[in-house]
Amino acid sequence: MHLSRRGLLRAGLATSAAAALGGATASCSVPSGSTGRTMTLWYWTGGLSDKTVAQARSRYTDVDLKPVQIGGYFRSKLLTTMAGRAHVPDITGLKGEDMASYMPNADQFVDLRTLGADRLKDQYLPWKWDQGIAPDGRMIGFPIDTGPVVQYYRADVFDRAGLPSDPAEVGRQLNTWEHFFDAGEQLKKRIPGTYLLSDPLSVFQTVVNQSTKRFVDEDRNFIGDQKHVTDAWALAVEARRRGIVSNLVSGTPDFNAATESGKVPGQLNASWAAGDLKLAVPKNKGKWRVALVPGGGANNGGSFLAITKACREPERAFEIITWLLNPENQTRGFVDASLFPSTPASFRQKEMRDPDPFFGGQITIDVFGPASEKIPIAYNSPYDVALQQPIIDELTKVNSLGKNPDQAWKDAMEKCRRIADHLGVS
């Protein structure tokens with residue numbers, strides 16, 4: 001299980017809402033020249049560049065922009081607050097993995113098209129823009145970042161194992177899952193006790209995200225038993241059978257120690273995970289690299305900003321949102337918080353092409369950029385998360401408990417069908 005920045009937030013750490021800038025006192029103060037009208041902005045740690053948010057507070061002095069970082073289950077807290085119709089934020093972040101679950105409540109958000117969003121459409125990646133649009137045509141989410149999936153790997157460990165270590169060569173030679181697994185076997189043979197990945201879940205999730213389908217289709221049919229998912233399951237099980245994954249849990253002290261020592265020198269994760277890696281293993285600075293993921297493009301995460309119907313000044317809120325998320329500020333988001341831009345114009349900014357010392361001076365945009373433009377478009381259902389979970393749970397049992405994969409798949413499908421019946425999914 002990936003307990004990255006986003007994973008930790010979704011795991012429900014019991015943290016209370018905290019002020020985003022300089023503590024509660026600083027964030028509640030009225031900027032010089034402000035009218036005192038409060039406009040609240042909800043987001044999560046790392047969800048926006050704090051420096052850009054601070055600039056927005058100074059720039060838009062006709063309102064008291066009050067940024068608040070919300071810990072724990074962000075989606076649940078937001079929906080509960082909106083249902084209670086009290087203390088609802090004016091502007092709020094919406095995590096990309098949760099977007100489908102907001103669509104049934106689209107009428108609680110302002111349709112950004114009524115505020116002129118369409119005139120900015122050409123500045124954003126088309127597939128990302130479309131993810132913020134509800135089935136009825138209302139646009140509820142304005143793109144923040146994307147999460148193109150890449151290979152993170154330790155170049156020094158790959159060298160010791162006789163594997164390619166240059167990012168371009170890794171991308172070329174480990175471009176299929178078979179070649180990737182072969183590399184994992186060679187790594188384990190040359191450096192005993194070393195595993196290419198921490199667990200098989202990242203293989204499963206990446207393969208699913210490389211498809212144009214998920215777990216429920218637009219007609220509300222369960223499709224988690226179809227080839228795009230069974231292939232992902234088979235590859236994840238194959239990774240375990242070939243002994244290239246450990247039984248460590250990502251984000252734990254044992255996992256971090258194994259990552260730092262080179263015992264787990266690889267990850268399949270989104271662009272935003274670069275920030276998690278830097279925080280988890282700072283002593284590894286200069287040793288890691290980034291390469292294209294095997295099997296084709298995939299996206300994991302990437303979020304949005306929305307305006308709730310509780311906002312009394314939606315036009316001003318929209319002006320703030322579009323300034324926060326323009327190409328220049330999305331570049332800052334990447335530099336400050338590893339938020340990969342949804343604006344292709346940012347890819348050409350000088351700051352995006354600065355060598356990254358943690359990644360050995362690599363210019364990572366040369367990998368993240370092409371990866372972000374090759375994302376397959378898939379329908380995301382509000383029921384995908386619930387119907388994916390039994391499969392993930394059973395795959396975890398296969399890896400950590402040695403459960404028979406065939407029985408695990410059978411059990412997963414039985415649980416999925418019970419959940420589907422409960423949700424009204426055929």
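## The exposed and buried sides of α11

Lys227 and Arg241 are exposed residues on the face of helix α11 turned away from its buried side; exposed means over 50% relative accessible area, buried under 20%, and partly exposed in between, with a 1.4 Å probe and protein chains only. This is a predicted model, in which local features need pLDDT of at least 70, side-chain atom pairs count only at pLDDT 80 or more, and totals for chains, interfaces and linings use all residues. Residues are numbered from 1 along each chain as its sequence is written, and side-chain values use heavy atoms, with hydrogens and water left out.

The buried residues of α11 are His228, Val229, Ala232, Trp233, Ala236, Val237 and Ala239. Seen down the helix axis, they fall within an arc of 165 degrees, so they line one face of α11; the arc is that of the directions from the axis to the C-beta atoms. Their cover includes α9 (177-190), α10 (201-209), α17 (384-401) and α18 (405-423).

## Length and end of α11

Helices are DSSP runs (H or I, at least four residues), numbered from the N terminus. After α11 comes Gly243, with a positive phi near 70 degrees.

Conventions
Helices (H or I, at least four residues) and strands (E, at least two) are DSSP runs, numbered from the N terminus. Contact means heavy atoms within 4.5 Å.
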